[in-house]
Each structure stands twice: as structure tokens, then as C-alpha cells.
Amino acid sequence: MVLVPYLDLEKIHNEIRDELTAAANRVMESRWFINGKEDAKFEEAFATYCGVKLCVGTGNGLDALRLILLAYGIGEGDEVIVPANTFIATALAVTYVGATPVFVDADINTYNVDVQQIEAHITDKTKAIIAVHLYGRIARMDEICELAKKYSLKVIEDAAQAHGAMLCGRKAGSFGDAAAFSFYPGKNLGALGDAGAVVTDDDEVAEKVRALGNYGSYQKYHHVYQGCNSRLDELQAAFLEIKLKNLEKWNEERRQIAKRYSDEIRNPKVILPPACENEKENVFHIYPVLVEGREGFMDYLKEKGVATLVHYPIPIMQQQAYAELADRADLYPVTCRICAQEVSLPLYPGMTKEQIDWVIECVNGYK
């Protein structure tokens with residue numbers, strides 16, 4: 001039996017261990033730990049990578065989303081379109097600024113928001129659409145941006161799972177008015193702790209996001225806004241700048257593993273993720289399959305030494321935090337189906353051929 005963890009970062013960290021160690025030493029020796037050269041260097045590199053003008057580091061991905069909303073003046077009395085099938089952080093960012101998240105069901109052909117349903121949810125209170133690139137696959141941004149233009153809405157990308165994903169020659173983060181990224185350690189581009197960023201071509205929004213995350217201050221001890229403390233520290237910025245140079249290679253490895261799964265898993269009880277027209281459209285942060293009665297499937301794989309996870313078992317509107325929406329869950333049948341059946345198979349750079357073979361063999365053997 002081959003043991004296959006759900007995620008193992010050891011190989012990619014071993015590849016760059018000397019660089020990471022040197023970066024840590026460099027930051028310590030600089031005696032400058034916040035808003036310094038390392039942060040500026042990474043912000044410039046990541047903006048260039050995403051194909052936008054500006055990047056502002058934040059403490060995490062949730063803060064990145066929240067600060068974008070605040071920078072656009074979205075708050076009490078406003079509504080924001082949010083996919084029903086997403087991690088709760090997308091909705092929390094809207095709630096935190098005092099606005100109301102308006103959920104739209106998922107498209108079973110992409111697992112992202114069903115673009116055809118968005119327009120019916122737009123009201124005179126709607127101020128923005130948050131487009132989530134879930135599991136690493138870019139949402140249908142051309143249609144979302146066209147709809148937003150029709151109603152004069154802001155488009156905010158939640159690209160927390162889609163670092164480097166491409167559509168029509170453009171990377172995730174370059175389609176909307178602004179985009180939020182998370183660099184949580186398990187992401188395709190992950191820090192060694194919490195970290196995030198906002199990317200945009202909007203100078204005014206970038207400046208305001210930076211100020212809001214710096215206690216509402218453009219100048220020390222002069223506070224223009226009631227801001228917060230959400231900044232990308234020098235150590236994480238230095239680590240991320242090193243990892244960014246390897247991201248394309250790691251993403252391609254993810255795609256190759258995903259291709260083997262999609263080509264070789266043949267089990268009628270296991271529904272594979274929908275195919276993309278463009279191979280670079282998905283960076284496979286997660287490889288999600290749908291299985292009825294998934295507990296038995298996961299237990300079977302566990303017995304075979306294959307670890308799995310679920311993303312995400314409970315729809316947002318059925319979470320206790322949003323208890324007031326519990327009776328509306330039946331309005332989102334596709335989301336509820338995905339949440340009830342989704343299982344994430346192991347997929348990460350550094351998986352051995354033996355491990356990949358074993359996952360395929362075990363999934364095909366499930367009865």
C-alpha cells in the first residue's frame with residue numbers, strides 16, 4: 001500500500017530551502033520587518049505576473065476582499081452578488097462592511113457561479129459582483145464583466161484559489177476592477193503563514209486599500225479613515241517572491257497530475273470535474289470529484305492510505321453564522337448538491353508517479 005497525504009509541501013520547500021533560509025536571514029539582518037524593500041519587491045513582481053499595474057500586500061485574503069469593498073465605498077444598505085458555492089470568506093467580507101451578500105447558485109458545468117442567473121438578482125441596491133475562481137478555475141469573466149458594465153457595477157475577483165490561471169491570454173486578477181488573493185500556505189502560491197494581496201489598475205483604490213490596511217493612514221499618526229492593521233510583512237513577502245518564480249512550473253505539474261486523473265479514472269460512481277476548453281484555464285488548486293454517499297468513498301480511500309478532504313461540506317446559507325438564511329437553501333440546488341457530494345483528491349507538486357498511480361487504482365476500484 002502506498003501512502004498518499006492530501007497535501008505535502010516538503011518537496012517544493014526542499015527545492016528552494018536555501019533561498020528561503022537566505023531570505024529569512026536577509027530580513028532579520030535588515031532590521032526592517034513591515035512596509036520595506038521585500039514587500040515592495042514582491043508587490044511589483046506579483047502585479048507584473050498578474051498583468052496589472054498595482055499590487056498591495058495585506059494580512060490575508062479575507063482582508064484583501066474587505067478592503068476592496070471599503071475602498072469602493074460599499075457598505076450599509078448595499079448589496080453584492082456572491083456565488084453560493086464558495087468558501088465563507090467571500091460572504092464574510094461583504095457582511096463585515098455592512099452590505100448584504102446576495103447568493104447566486106452554481107453552474108454544474110463549471111462549479112463556479114451560474115452567470116445566467118446573475119441578472120435576475122441585480123437590484124437598485126446592487127453595487128458589485130464578486131466573481132470567485134473556485135478550485136482554481138477562472139469564472140466566465142467576459143460575461144460577468146459585460147453584465148456589470150450594463151448595470152454600472154464593480155467587478156471584484158476572488159482569486160484566492162487561482163494564482164496563475166489564464167483565460168484568453170489574461171491571468172486571474174486582471175479581469176475585474178480589483179482582485180483579492182490569499183497566500184495561505186496551502187495555496188498554489190502560499191506563504192509560510194497568513195498573507196494576502198489586492199491587485200488592480202485603479203491607482204485610487206490601491207492607495208486607499210494601502211491606507212485602510214495601515215490604520216487608515218497615508219502618513220504616520222495622520223489617520224484619514226477608521227482603518228485596520230492588515231499588512232504583508234517583510235518575511236512573508238520575501239518568501240513569496242521566491243516562490244513566485246516557481247509558480248508556473250508548479251502549476252504545470254498540477255495540470256499534468258489532473259490530466260492523468262481525468263484521463264485514467266474510470267468509475268461510474270465518481271463524477272470528474274468538468275473539462276475546460278483551455279488547458280490553462282484551471283490551475284487545479286483542488287481536484288474535486290462528486291460522489292453520492294461520499295463518506296463511504298472517503299473511508300474506503302483512507303483504508304487504502306489515500307487522504308482526502310471536502311471543500312466545502314456546508315453551504316454558507318446553512319452555516320450557523322448565516323442562520324437567517326437557512327430556510328432559503330432550497331433556492332440553491334446545485335450548490336447544495338456539490339456541498340453534499342464533493343470530495344477533493346490529493347493533488348500537489350511533488351507527488352510521485354507511484355502515488356498518482358495508486359490514487360487512480362484505488363478510485364477505480366471503489367465499488
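The face of α2 turned away from its buried side carries two exposed residues, Asp18 and Glu29; exposed is over 50% relative accessible area, buried under 20%, and partly exposed in between (1.4 Å probe, protein chains only). Helices here are DSSP runs of H or I with at least four residues, numbered from the N terminus. This is a predicted model, where local features need pLDDT of at least 70, side-chain atom pairs count only at pLDDT 80 or more, and totals for chains, interfaces and linings use all residues. Residues are numbered from 1 along each chain, and side-chain values use heavy atoms, leaving out hydrogens and water.

**Exercise 1.** Find which residues of α2 are buried, and what they pack against.

*Solution.* Start with the list: Leu20, Ala23, Ala24 and Val27 are buried. Next, look down the axis of α2: these buried residues fall within an arc of 100° (taken from the directions from the axis to the C-beta atoms), so they line one face of the helix. Finally, the partners: the buried residues of α2 pack against α1 (10–15), α3 (37–50) and α9 (234–244), with contact meaning heavy atoms within 4.5 Å.

**Exercise 2.** Work out where Ile34 lies and how accessible Ile34 is.

*Solution.* Then check the accessibility: at 34% relative accessibility, Ile34 counts as partly exposed.
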